[in-house]
Every structure is written in C-alpha cells, then in structure tokens.
Amino acid sequence: MVLPPKPLAEIYRIADIFNSYGNWSRAEKNTLIPLRDGEICIIRGGQFSLMRQSDRLLLEKSSAPSVLGLARNLGKSQFAKLQADSECHYQLIPFDYFMQEIEKNHCQLHLLILSSWIINILCYREEIMIGRNSFSMIKANIDCLAAMDEFMRNRINVADYIVKKTNLSRSMVMKTLSQLRSAKNIEISKGKLVAVHHLPDTL
C-alpha cells in the first residue's frame, strides 16, 4: 500500500475561504495548539505533531496547510493533542460556520476529497502498524519519511521518529537502522534520512 499524497490543492481552496475570518493565532515551538470541541483547526503555517494523549504515541507529523477536526472529535474526547514543532499559525473556526461557508462557496467536493484522504491515511496506518512485526513497522515508517518533502525530512531524526511512531525500544530501532545502513539499504547523515535504495522483506 502506497502512502496517499496530501490533497494540497483542495486544502488550499478550503483554507482560502477563511482568509478574512477573525485573527490568526500563533503557537511557539514545542507548545500545544488548543483543540476545542466543535471547532475546526486550520494550520496556516509551520510543522506540527498530532500525538495520542495517553502515551504520546506520534499519530501524524505534518506541515501546513492542514485542516483538523472534521469528525468533531478533537476537543471532546481529548484522545489527542497537537504540538507545534516550529512556530505555527492557525485558526479555530466554529464547525457549523465552517460547513455553511463550504456550502456557500460550493466546496463540497473539495471537502469530500480531503475527507477521503484522511480515511486513506487511517487505513494506511492500520496496514503498516496492526499485527506487524517490529521490522515491518520500522520499514514502513522509513518509507513514510522517504515520502516527505526534503525540507521537512531534513528536520526529523530518523530514530526519534520511528520510536515515537511505534513505541518500539530505541535499542531495537537503532540496531535495525545500523544493519540497514551497513547493507547499504539506506543512507543516514547526522541522524537524518538521506536516501532509501532498497528495503528487504526481512532482516
């Protein structure tokens, strides 16, 4: 299963509708972006991490633009928290107003494409994480890193990313990465993923 590409054109179109809505807020690096029940969060600038509240498992590491809260579940259940990995600019928009403006601007198809992508991401996460052995999870998350744009990938430590995404022990992750580097399957420089040549099915 291939990581589905982010529908940037649709996200930009949706975000453009709310360019003049209220004031944009700013979150400093390593601070939390507030998630409130019944509000949509539009990330306008910066990089962020979505983490599971119970154990800080990394659910998603991404960059602007992004739209969160379409399931109306961000603030209510408090299952996740959003942390700024760099200075972030964002908007919080009431859900009902958000949907009214989507309809008013005839962007239902854009929203459908975005929602479908989110579902595909969830399916991809299940495919690579549930019922898999440790090497399969490490391999899949290397592929996730490789699929990121170079600017973002160069800001992420490979081992840290995999440990946070999988909750595997750091020693196991470091040992596996070392073996893959020795076999010239991957290239890592200063902790950052430089290239992926070929990842074996087993190690």
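Here, buried means under 20% relative accessible area, exposed over 50%, and partly exposed in between, with a 1.4 Å probe and protein chains only. This is a predicted model, in which local features need pLDDT of at least 70, side-chain atom pairs count only at pLDDT 80 or more, and totals for chains, interfaces and linings use all residues. Residues are numbered from 1 along each chain as its sequence is written, and side-chain values use heavy atoms, with hydrogens and water left out.

**View 1. Strand E7, residues 80-84, is mostly covered.** Strands (E, at least two residues), like helices (H or I, at least four), are DSSP runs numbered from the N terminus. In E7, 5 of the 5 residues are buried. Ala-80, Leu-82 and Ala-84 point one way, Lys-81 and Gln-83 the other, and all are buried. In a regular strand the side chains alternate between the two faces of the sheet.

**View 2. Four strands form an open sheet in the order E2-E7-E4-E5.** The pairing is antiparallel; two strands pair if DSSP finds at least two bridges between them. E2 and E5 (58-63) are the edge strands, each pairing on one side only.

**View 3. E7 meets E2 (residues 32-33) in an antiparallel pairing.** The two share 2 bridges, and Leu-32 has Gln-83 of E7 as its bridge partner.

**View 4. E4 (residues 47-52) pairs with E7 in the antiparallel sense.** There are 5 bridges between them. Follow Phe-48 here: its bridge partner in E7 is Ala-84.

**View 5. E4 also pairs with E5, again antiparallel.** This pairing has 5 bridges, and Phe-48 stands opposite Ser-62 in E5.
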